[in-house]
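This briefing concerns the fold of one chain and the packing of a pair of its elements. Please examine the sequence and the structure shown here.

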Amino acid sequence: MRESLEPADIIDSNADAGKARKRPRPGERRLQILQVLAEMLQNPKAERVTTAALAAKIEVSEAALYRHFASKAQMFEGLISFIEQTVFGLINQINQKEESGLAQARGILQMLLFFAEKNPGMTRVLLGDALLQEDDRLQERITQVLDRVEASLKQALRIAQTQGGNWGQLGQEEVSIRAAMLMSFVLGRWHRFARSGFRKLPTEASDVSLRLLLSE
């Protein structure tokens, strides 16, 4: 599974006398639309992306966009689906690889920071910044994704709680509080990244930060 959205491979054909371009393969244009939308969201000025601007960037008509997506909200839903599938696919990989609850939590946190760093446009979606003037259900959807991420962190800490050490002394309420604190750290790093025009990387000094946050 990809950790960043790559451009679709658009193939040109010069075999015919007219040197006509082949039609995109099924699903290829949809991927291209999502990839260009994600690129446009990387604009540090944080301007709202319009379908007219998106169509112009891809060099197609707005009508062509709507042949692949019923609305702009559906395009954003496509980005959120990519985020959801990628993030939870990686969380599953981390959990299968690591037996230690603390190692799982550390791996999840590092992955979240790295994912944002590789996908600046997606960071604006995760923060809800890119969704402010869009359909309300998109905000609800991304909130659900973040709640699931926090639940994954809480589960990792509960495993740590069963593995002894000082973590074994924690009550369930404190485990929940710590999971929320870790999620706040990630959101803070994402906000800092976006506010800096994507210059202050979320992974900067993250090893030290995570060691302090996960210390017993």
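**Chain overview**

From the N terminus on, the elements of the chain run α-α-α-α-α-α-α-α-α, giving 9 helices and 0 strands; helices (H or I, at least four residues) and strands (E, at least two) are DSSP runs, numbered from the N terminus. This is a predicted model, in which local features need pLDDT of at least 70, side-chain atom pairs count only at pLDDT 80 or more, and totals for chains, interfaces and linings use all residues. Residues are numbered from 1 along each chain as its sequence is written, and side-chain values use heavy atoms, with hydrogens and water left out.

**Burial and contacts**

- Of the 216 residues in the chain, 45% are buried (under 20% relative accessible area, 1.4 Å probe, protein chains only).
- Among contacts (heavy atoms within 4.5 Å) between residues at least 6 apart in sequence, 66% join residues at least 24 apart.

**Helix 1**

- The 13 residues of helix 1 (residues 28–40) should span 18 Å at 1.5 Å a residue, and the end C-alpha atoms are 18 Å apart, which agrees; the expected span is 1.5 Å times one less than the number of residues.
- Buried residues of helix 1 include E28, I33, L34 and A38.
- Their cover includes helix 2 (51–58), helix 3 (62–66), helix 4 (72–97) and helix 6 (120–126).

**Helix 1 against helix 2**

- The two helices pack at an angle of about 115°, with axes 10 Å apart; axes are lines fitted to C-alpha atoms over the stretch in contact, and angles run from 0 to 180 degrees between N-to-C directions.
- Helix 1 and helix 2 are therefore roughly perpendicular (65 to 115 degrees).
- R29, Q32, I33, V36, L37 and M40 in helix 1 meet A53, L54, K57 and I58 in helix 2.

Terms used: Buried means under 20% relative accessible area, exposed over 50%, partly exposed in between (1.4 Å probe, protein chains only). Angles under 35 degrees count as roughly parallel, over 145 as roughly antiparallel, 65 to 115 as roughly perpendicular and the rest as oblique.
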